[in-house]
Amino acid sequence: MSSLANFVRVAIDQDTCISCGACIEVCPYDALEFDENMKARLIWEKCQDDFSCIESCPVNCIYKVEEAPEELKTEKAGWYRLGRELNEEEKKAFEEWRQKYGVKVDPVQA
Ligand code: SF4
Ligand code: SF4
């Protein structure tokens, strides 16, 4: 069993995000950033699932992926990217994560 198998991660509704920066400030793993539109974006492989960002968001637009609105997973792209090239084990875990949670939108190519 891979140690990477139980990722949850967070999904961000960028339409609701007010660019306050609170989540970026609070993330212990530097797994959040502003994108070019000053909307919060997840750097997928950096996230360690401590979920402190969810509590910090004043407009409640960050969700555990398993609890995220369907459209964030299937239609609204742009809320996550890969920060580097994943190794083989990580690639496998990434694909398993997408399948498990029904994440059909692709990561931003940054
Ligand atoms: S869940 Fe934790 S590690 Fe992941 S982005 Fe939010 S604060 Fe950062
Ligand atoms: S805390 Fe919420 S509103 Fe503020 S930048 Fe992060 S996602 Fe956007």
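User: How many nonpolar, polar and charged residues does the shell around ligand 2 have?

Analyst: In this predicted model, the shell around ligand 2 comprises eleven nonpolar residues, two polar residues and no charged residues. In total, 13 residues surround ligand 2, and the closest are Cys 17, Cys 20, Gly 21, Cys 23 and Cys 57.

User: How should I read a sheet, and what is the strand order here?

Analyst: Strands of a sheet pair through backbone hydrogen bonds, and the pairing is either parallel or antiparallel. Here, three strands form an open sheet in the order S2-S3-S5, and the pairing is mixed. Strand S2 (32-34) and strand S5 (80-81) are the edge strands, each pairing on one side only.

User: How do S2 and S3 run, and how many bridges join them?

Analyst: S2 and strand S3 (residues 40-43) run antiparallel and are joined by three bridges. Within this pair, Phe 34 stands opposite Ala 40 in S3.

User: Which residues touch the most other members of the largest nonpolar core?

Analyst: The general idea is that nonpolar side chains tend to be buried together in soluble globular proteins. The largest nonpolar core in this model has 32 residues, of which Leu 42, Trp 79, Tyr 80 and Trp 97 touch the most other members. At least two residues of this core come from each of S1, S3, H2 and helix H4 (88-101). H4 gives the largest share, four residues.

User: What does Trp 79 touch, leaving aside residues up to four places away in sequence?

Analyst: With those residues left out, Trp 79 touches several residues, including Val 10, Ile 12, Leu 42, Leu 72, Trp 97 and Val 105.

User: Where does Arg 9 lie, and why does Arg 9 count as buried or exposed?

Analyst: Arg 9 lies in the segment before strand S1 (10-12). Its relative accessibility is 2%, so Arg 9 counts as buried, the cut-off for buried being under 20%. Although Arg 9 is not a glycine, it has a positive phi of about 75 degrees.

User: Is Asn 60 buried or exposed?

Analyst: Asn 60 has a relative accessibility of 55% and therefore counts as exposed, a term that applies over 50%. This residue is found in the loop between helix H2 (52-56) and strand S4 (62-64). Asn 60 is not a glycine, yet it has a positive phi of about 55 degrees.

Key:
Residues numbered from 1 in each chain as written. Chains lettered and ligands numbered in written order. Predicted model: local features only at pLDDT ≥ 70, side-chain atom pairs only at ≥ 80, totals over all residues. Heavy atoms only, no water. Pairing = 2+ DSSP bridges. Near = heavy atom within 4 Å. Nonpolar A, V, L, I, M, F, W, Y, C, P; charged D, E, K, R; others polar. Buried < 20%, exposed > 50% of the residue type's maximum accessible area, 1.4 Å probe, protein only. Core = buried A, V, L, I, M, F, W, Y, C linked by side-chain atoms within 4.5 Å. Contact = heavy atoms within 4.5 Å.
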